[in-house]
Amino acid sequence: MRKVFRFFNRLSIKIIVSIIILVTLLTLMIGFFGYQVFTQTMKKENAAFLRRVAEAAFTDSMDWDFSAYLEMGKERMDKLGHTDTYELKQREADDDVLTFNYYQMLTSRLSRIVFTQELRELRIIVPKEETDYSTFNIVFGELVSEDGILEVAELGKELRTGSEEETAILKNLWTSEEKEGVIYRYLDKEDGGATMTLYRALGVEGDAPRGILVITSSIQGMVDAWQRYLIGITIMGMGMAMAGVVFIGLYLRLRVVKPMKNVTREANRFAIKNAKAEGNLTDSVGNVTELRVLAESIDKMEEDTLKNMDEIAQMSRESERLETELSLASDIQKGILPKGDIISERKEFDVAAIMHPAREVGGDFYDFFMLDDTHLVLLIADVSDKGMGAAFFMAISKTILKARTVMGGSAVDIITFVEEKLSETNDAGMFVTAWLGIVDLTTGEVDVCNAGHEFPAILQKSVDEKYRIEKTEHGPAICFLPGMGHVPYHFRLEPGDRIFLYTDGVTEAKALSGERFGNDRLLEALNKDCTTKDEELIARVKAHVDSFVGEAAQYDDITLVSFTYLGNA
């Protein structure tokens, strides 16, 4: 079945079938319109012939009173017909003899018309009004049968009309000013064949009809001619269709099918080998415009595809090189960030941190290290922008910050110095938000400088058993407004108090709906269990952010730092 479908779905088969259908429809249209024209012409010619015959019969009978014949009757006519000639001459003044002579003359002339014009029937009748014209009396009637035998109707014989149509014509001719009516009958040859009957009212101009002339002629010859015409048209149409199929089939095979096979073969070859052919496809598809355009497009497509494949291969190699370099840069960036186990032997505090860049490398960074035996430095920062440029600026900023911090001084002094150094060569106009805190592990005092960074979440048991966002005075981001100055602030930690630092990639994380994570969800995640260890706390906050974001892409770098002050305990 599939092979059958594939066969009939071929272009050549569809075109051939379309041609057959088109030729068939064209033949039917020609046959139909030709049939209509031929039929109307033959009918007009036959009607004209009957009118000429009727005119001749009308001329012979227009002045005669047919009712007188009917009143005399058949018996009287027969009796006068058997009277010898001498006796008739003796009674020439008798009205019956005169009527008889007129009737004989009428029948003789009408009989001659029947034979000379080869009519099927000729009658003169008088309709009967009392039967609503459904019956009539014969005045004269001759009917030629199929075998050529003449049948003569009796004078005065009453007959019924053959159809309601004939009754309507008789009534119309007898009661109105109409003078003519026509009926076509299409019968089998066994029943007499097709005929055309003309009804003509007889009478002096202006007077009421005295009788109706009925003339019937055979139109079987016309019907036979119709049939021969239709058969001829059908044979001619079939011949044209077959000739068209053969011609178009050969043309399609040479001009369309074969070139299309070349196109298909070349497309399959190129798809498998991905190599240019020795010659152009355009040279093997002939002169059909559409096929040449298609072949030119395929040749151009092959050239462009091979060119694009070379470019893609080169780009792929370049991409692999960049991916390798980015992976190396990411490893280097992760390597310069501190690990919690470096200072895990300290009992005065606990600290943990993570960074998830939005790209291979990011602009966020954090740091924590011992400044001396009693002071710990906590740092979190966020470089403007993302990607490779932010990563380079992050490395430089972190290096300068740490180098200056170990030299001593307050948090404000450190931030101010770093801003001066970065501003000297900051042609790109980048800036860094930073939160720097120096924790005295013996007293719990914290010296802080917030350079435009997010406010930390603080847990102080003496104030509240929950985290809160500690909003304090702060200065601008580093290099954002150089020389404006930075603001210090201090607070004290008791054993068990905690500091949670984060970048704006947490609070500004967006779901697919466009809604942001915000501070409220951050505090909800933090306060779910305030006794959790720092690593577990960070993991919980990150899980809350991921669940909120869902399928949305990571908006910005995410960095989290959790610090717990244990004191001398």
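Me: Is Lys128 buried or exposed, going by its relative accessibility?

Reply: Buried means under 20% relative accessible area, exposed over 50%, partly exposed in between (1.4 Å probe, protein chains only). Lys128 has 17% relative accessibility, so Lys128 counts as buried. A note on the basis: this is a predicted model, where local features need pLDDT of at least 70, side-chain atom pairs count only at pLDDT 80 or more, and totals for chains, interfaces and linings use all residues. Residues are numbered from 1 along each chain as its sequence is written, and side-chain values use heavy atoms, with hydrogens and water left out.

Me: Which residue forms a salt bridge with Lys128?

Reply: A salt bridge is a side-chain nitrogen of Lys or Arg within 4 Å of a carboxyl oxygen of Asp or Glu. Lys128 pairs with Glu158, and their closest N and O atoms are 2.9 Å apart. Lys128 lies in the loop between β1 (121–127) and β2 (135–144), and Glu158 in strand β4 (residues 158–160), so the pair ties together parts that are 30 residues apart in sequence. Helices (H or I, at least four residues) and strands (E, at least two) are DSSP runs, numbered from the N terminus. Glu158 is partly exposed, at 43% relative accessibility. Lys128, Glu130 and Glu158 are linked in a salt-bridge network.

Me: How many salt bridges does the structure hold?

Reply: There are 12. One of them joins Asp132 to Lys171, with the closest N and O atoms 3.7 Å apart. Asp132 lies in the loop between β1 and β2 and Lys171 in helix α6 (residues 164–175), so this pair ties together parts 39 residues apart in sequence. Asp132 is partly exposed at 44%, and Lys171 is partly exposed at 39%. Another bridge is Glu121 with Arg123, closest N and O atoms 2.3 Å apart. Glu121 counts as buried, at 12% relative accessibility.

Me: Which residue lies over the face of Phe369?

Reply: A charge sits over a ring if NZ of Lys or CZ of Arg is within 6 Å of the ring centre and within 35 degrees of the ring normal. Lys402 does this at Phe369, 4.9 Å from the ring centre. Arg404 lies over the face of Phe417, at 5.4 Å.

Me: What does Gln554 touch?

Reply: Contact means heavy atoms within 4.5 Å. Leaving aside residues up to four places away in sequence, Gln554 touches His356, Pro357 and Ala358. Gln554 lies in the loop between α13 (534–549) and β17 (558–565). Its C-alpha is 7.1 Å from that of Ala509, 45 residues away in sequence. Gln554 is partly exposed, at 34% relative accessibility.
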